[in-house]
Amino acid sequence: MEAAAPTVTTKQLDEIIDLVKKIYGFDFSDYTKASFKRRVSRIMMLKRLEFYDLKHILVNDPHFFQEFLEEITVNVTEMFRDPNFYKALHNQVIPYLSTYQHIKIWSAGCSSGEEVYSLAILMKEVGLTKKSFIYGTDVNTEVLQEARKGIYSLRKIKSYAENYLMSGMHGSITDHFTILYDAATIHHELKQNTLFSVHNLISDNSFNEFQMITCRNVFIYFEIELQEKILELFYNSLSPHGFLCLGNKETIRSDKFRKKFKVINQKENIYQKIGT
């Protein structure tokens, strides 16, 4: 029987937020309090830490902070996650993107790279590989190392096969990987048009102009003030009439930004930038 998660008070939560901001520069103050509290409690339970111990190890062990960051930032991902999203891209966004000479895509909060490679496969399927480039960013350096390798367990890849077919892709998902024993490595032609790097949505600035940005199922962890800050970043990072793709569990809640985007697909929360 799993032990109950330790109780963390609001005051203790604020202490952790202040401590992490001062030492590591990560500001979690605008994360939804319920989600942040739940994850801090889970870390304490898994590591069998009292609150004092958690503070002590955060101050004295930068390696532990990477584990802390990985737990807090929720790295849940899979290839062709939400197949209807990829169908919507294929039918409603790709025809527009195909008119560009160069297509730059930003997958924000890319975790271990499954979405980036899913997008790369989609671009290959529609014949746009040669003129597209996909940037994957995350705050977590550990998952980015995994993403750069592009090596996943064969068991994982096989579990993505249904998503792949439901997304409208052709053949088999394994056609895009080199299989060796129980590991699958993404084909070089798909890796060569990708770049993974550290980027903090909360504190970092725009670093390019993109025709499409995906940041799916990330906003649900942020308060509306932080959502507005990140939407400003995305708006400034999009080319005129560029596309912003959020997850099917979230939407643009800010009145200010509803006026700046046109809804392309309401169910999958795909938007197009209005104006310059």
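I take a salt bridge to be a side-chain nitrogen of Lys or Arg within 4 Å of a carboxyl oxygen of Asp or Glu. By that rule I get 10 salt bridges.

**Ground rules.** I am looking at a predicted model, where local features need pLDDT of at least 70 and side-chain atom pairs count only at pLDDT 80 or more, while totals for chains, interfaces and linings use all residues. Residues are numbered from 1 along each chain as its sequence is written, and side-chain values use heavy atoms, with hydrogens and water left out. Helices (H or I, at least four residues) and strands (E, at least two) are DSSP runs, numbered from the N terminus. For accessibility I use buried for under 20% relative accessible area, exposed for over 50% and partly exposed in between (1.4 Å probe, protein chains only).

**Salt bridges.** I began with Glu15 and Lys11, whose side chains meet in a salt bridge at 3.4 Å, N to O. They sit four residues apart in helix H1 (residues 10–24), which means about one helical turn separates them. Glu15 is partly exposed at 25%, and Lys11 is exposed at 61%.

Next I looked up Glu114, which bridges to Lys156 with the closest N and O atoms 3.9 Å apart. This pair links distant parts of the chain, 42 residues apart: Glu114 is in helix H6 (residues 114–125) and Lys156 in helix H8 (residues 154–159). Glu114 is buried, at 1% relative accessibility, whereas Lys156 is partly exposed at 28%.

Then I checked Lys256 and Glu232, which meet at 3.2 Å, N to O.

**Helix H11.** How far apart are the end C-alpha atoms of H11? They are 20 Å apart, and that agrees with the 20 Å that the 14 residues (224–237) should span at 1.5 Å a residue. The expected span is 1.5 Å times one less than the number of residues.

I listed the buried residues of H11 as Leu226, Gln227, Ile230, Leu231, Leu233, Phe234, Tyr235 and Ser237. Taking contact as heavy atoms within 4.5 Å, I find that these residues pack against several elements, including strand E1 (103–108), strand E7 (210–215), strand E8 (238–246) and helix H12 (255–258).

**H3 against H4.** The axes of helix H3 (residues 51–60) and helix H4 (residues 62–72) come within 6 Å and cross at roughly 115 degrees. Axes here are lines fitted to C-alpha atoms, for helices over the stretch in contact, with angles from 0 to 180 degrees between N-to-C directions. From H3, Leu54, Ile57, Leu58 and Asn60 meet Pro62, Phe64, Phe65 and Phe68 of H4.

**Positive phi.** Tyr181 is not a glycine, yet has a positive phi of about 60 degrees. I find Tyr181 in the loop between strand E4 (177–180) and strand E5 (183–186), and it is exposed at 73%. His241 also has a positive phi, near 70 degrees, but its place is in strand E8. At 39% relative accessibility, His241 is partly exposed.
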